[in-house]
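Student: I have a model open and want to learn how to read it. Where do we begin?

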Amino acid sequence: MALFPVISNFQHDFVLLLLPVDTENTMDEVAAAAAHHSVGTRVAPQPDKIVRVRRQGAGDFFPRDVRLGETDVRPMETLEFIFCDA
Amino acid sequence: MALLERAEWYDIARSTNWTATYVSDADLFPDVMTGAQGVPAEAWEVYDEPYKTSYPEYVAIQREKDAGAYSVKAALQRSRIFEDADPGWRSILKSHYGAIALGEYAAMSAEARMTRFGRAPGMRNMATFGMMDENRHAQLQLFFPHEYCPKDRQFDWGHKAYHTNEWAAIAARHAFDDLFMARSATEIAVMLTFAFETGFTNMQFLGLAADAAEAGDYTFASLISSIQTDESRHAQIGGPALQVLIANGRKAEAQKLVDIAIARAWRIFCILTGPSMDYNTPREHRKQSFKEFMLEWIAGQFERALIDLGLDLPWYWEKMIAEFDYQHHAYQMGLWFWRPTLWWNPAAGVTPECREWLEEKYPGWNATFGKAWDVIIDNLVQGKVERTLPETLPIVCNMSQIPICAIPGYGWNVKDWPLEYEGRVYHFNSEIDRWVFEQEPERYRGHMTLVDRFLAGHILPPDLGGALAYMSLQPGEMGDDAHGYAWVDAYRELRRAAE
Ligand SMILES: [Fe+2]
Ligand SMILES: [Fe+2]
C-alpha cells in the first residue's frame with residue numbers, strides 16, 4: 001500500500017491529468033480511476049468497450065490484472081488509457 | 001534663442017561612450033550584464049537606432065497621449081458601457097489587466113538594464129525612453145481597472161495577480177522573469193524588444209483594440225492603442241542590436257535567443273489572446289479569428305522582419321504555425337473547465353451560433369473540440385454542474401507552466417514530451433517547450449510547477465480547496481461561467497425540440 005501518482009492521458013480527452021492511485025491497484029482499477037476523471041466529463045462513454053492501459057507510445061497493453069507495484073512504471077509516468085473491444 | 005534642429009546635434013549628444021580611467025572597461029560593463037558576447041565597444045558604435053527622439057519631444061508627445069487616454073476615460077465615466085458590455089468582454093479586461101499590468105513593471109526593469117548596460121549609446125538612449133514607457137503602461141493599466149474594483153471584486157486582481165501563486169500568474173512570471181528580468185542588456189534587446197514586442201504585442205494590443213472598438217469599449221480601445229504606439233517605438237531597440245551581433249559573427253547565438261523568446265511568447269499570447277478573440281469576444285464583435293490574426297502578423301509580417309534582418313526562421317516554425325489551428329482551443333477548454341482557479345469568469349463561447357463560426361474558421365472543430373464540449377453541455381443540460389468542475393489537477397508544462405493539452409475527440413493528439421535531467425523527470429507540452437529547457441537546463445531545473453508543489457506537500461489540504469487557498473482565490477473572486485450558464489438554454493431548447 002503506497003500512494004502512487006501517475007499521469008493520465010485518456011483517449012479523446014484534451015489534457016494530461018494527475019491521477020493519484022496506489023501500488024496495490026490492478027490495471028483495471030487504475031483505468032477505472034482514470035475514467036472517472038475523463039469519461040462522462042469530456043469523453044463520451046463507450047459502454048461496449050473496456051479501457052486498457054499502456055505506456056505512452058507503447059504498442060502493448062499491460063495485463064488487466066497486474067498490480068501497478070508489480071510493473072516497472074515509475075511515479076508520474078504518463079500512461080495512455082485506450083478504449084478496446086471487450 | 002534659436003534652437004538647432006535635432007538632426008544637427010543628436011549624434012553628438014548621445015555619443016556617450018568614454019574611456020574609463022578609474023576602473024577597467026570590464027568592471028564598468030561586465031559581460032554578464034551587457035551580454036555583448038565579447039563584441040568590443042567599438043563594434044557597437046555603429047548601432048543606429050531607427051527612431052530618434054529627444055527628451056523634450058518625448059515629454060510633449062507622451063503628455064498628449066496621456067491626455068488622450070485619460071480624457072476618453074473621463075468622457076465615458078458615466079456611460080453604461082461597463083454595465084452593458086457582454087460579461088465575456090469584462091472577462092477579457094480582467095484577464096488582460098491581471099496578466100499584463102505588473103508585467104509592464106518587469107519590462108521597465110528590463111529597459112532600465114539596457115539603459116545602464118546597453119553597449120551602444122543609441123541603445124541606452126532609446127531604452128531610457130522605453131523605461132519611462134513601461135512605467136506609464138504599468139500605471140495606466142493599474143489605474144484603469146482600479147475604478148471597477150467597487151463594482152466587481154475580480155478587478156482587484158489587476159494588481160493582485162502577480163503577488164499570488166495563482167497558476168496563470170506563475171506562468172506569466174516564469175516567462176517574464178526568463179525573458180525580461182533575468183537577462184543581460186543585449187539579451188533583453190533581442191528577446192524582449194525584438195521577439196516579444198515586435199513579434200507579439202500586436203496580438204494583444206492591436207487585435208484586442210479592434211475588438212474593443214467593435215464592442216463599444218472605447219476606453220479600453222484607446223488605452224491599449226495608446227500603449228501600442230510606445231511599444232512600436234521602443235520595440236525598435238532590438239533590430240540594430242541583432243545587426244551588430246550578426247555582423248560580428250554571433251548569428252548562431254542571436255538566433256538561439258530569438259528562437260527561445262518566440263517560443264515562450266507564443267505560449268503566453270496563445271492562452272491570453274487566443275481565448276479572448278475566439279471565445280470571450282461576443283461573436284458579432286469579432287473582427288478576425290485568432291488564427292487569421294496570427295497568420296497575418298506572425299507568419300506574414302514578423303516572418304519578413306526575421307528574414308530581412310538576416311536571421312533564419314526558428315527550426316520549429318512549421319510546428320508553431322500548425323498549433324495556430326488548435327492550441328488556443330485546448331487552452332480555452334482548460335480555462336473554462338478549471339474556472340474556479342481563475343480571477344475572471346471565462347465565457348464558454350460555444351453557443352450553436354458560436355460553433356458555426358468556429359467550424360467555419362477552424363474546419364473540424366466540431367469533430368474534435370466540439371466532441372468534448374458536447375459531453376460538458378450534456379451535463380449542464382441535465383443540471384449536473386458538478387460533473388463540469390475540476391476534481392484533480394491538470395499536468396502543467398515545466399516550461400510554460402500551462403496545462404499540457406492538445407486536440408480531443410477524433411483528432412486526439414495529446415502527448416507528454418518528457419525529459420529526464422539529473423534524475424528528475426520533466427514534462428513538456430511540446431517538442432518546442434522541451435527544446436527551450438534543453439538549451440539551458442541549469443536555468444530552469446530548480447523550478448517547481450504547481451503540480452510539483454502539490455506532490456511535494458506545499459499545498460494543504462491536498463485537495464481543490466487547498467489549491468484554491470494556495471492560489472489566494474477568495475470566495476467572490478474565483479471564476480465561474482461568464483454568463484451564469486444562460487447559454488445552455490439554447491441547447492435545452494434543441495434537446496426538447498428533438499424529443
Ligand atoms: Fe509596455
Ligand atoms: Fe514594451
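Tutor: With surface. Accessible areas come from the Shrake-Rupley method with a 1.4 Å probe. This is a predicted model. The accessible surface of chain B is about 19500 Å². Carbon and sulfur atoms hold 55% of that surface.

Student: How many residues does chain B have, and what share of them count as buried?

Tutor: Buried means under 20% relative accessible area. Chain B has 499 residues, and 57% of them count as buried.

Student: What is the secondary structure of chain B?

Tutor: Chain B has 24 helices and 2 strands. Its radius of gyration is 24 Å, close to the 23 Å from the globule rule for 499 residues, so chain B is as compact as a globular protein of that length. The C-alpha trace spans about 85 × 60 × 40 Å along its principal axes.

Student: What share of the contacts in chain B with a separation of 6 or more joins residues 24 or more positions apart?

Tutor: For chain B that share is 79%.

Student: And charge? How many positive and negative side chains does chain B have?

Tutor: Chain B carries 47 positive and 69 negative side chains. The centres of the two sets lie 3 Å apart.

Student: Now the interface. How is its size given?

Tutor: Often as the accessible area lost when the parts come together. Here, chain A and chain B bury about 2400 Å² between them, with 63% of it on carbon and sulfur atoms.

Student: Which residues of chain A lose the most area to chain B?

Tutor: A:F14, A:L18 and A:R42. Together they make up 29% of what the chain A side buries. By contact, 25 residues of chain A meet 34 residues of chain B.

Methods: Residues are numbered from 1 along each chain as its sequence is written. Chains are lettered from A and ligands numbered from 1 in the order in which they are written. This is a predicted model: local features need pLDDT of at least 70, side-chain atom pairs count only at pLDDT 80 or more; totals for chains, interfaces and linings use all residues. Side-chain values use heavy atoms; hydrogens and water are left out. Helices (H or I, at least four residues) and strands (E, at least two) are DSSP runs, numbered from the N terminus. The radius of gyration is taken over C-alpha atoms; the globule rule is 2.2 Å times the number of residues to the power 0.38. Buried means under 20% relative accessible area, exposed over 50%, partly exposed in between (1.4 Å probe, protein chains only). Contact means heavy atoms within 4.5 Å. Lys and Arg count as positive and Asp and Glu as negative; His and the chain ends are not counted. The place of a charge is taken as NZ of Lys, CZ of Arg, CG of Asp or CD of Glu. Buried area is the accessible area (1.4 Å probe) that two parts lose on being put together, summed over both.
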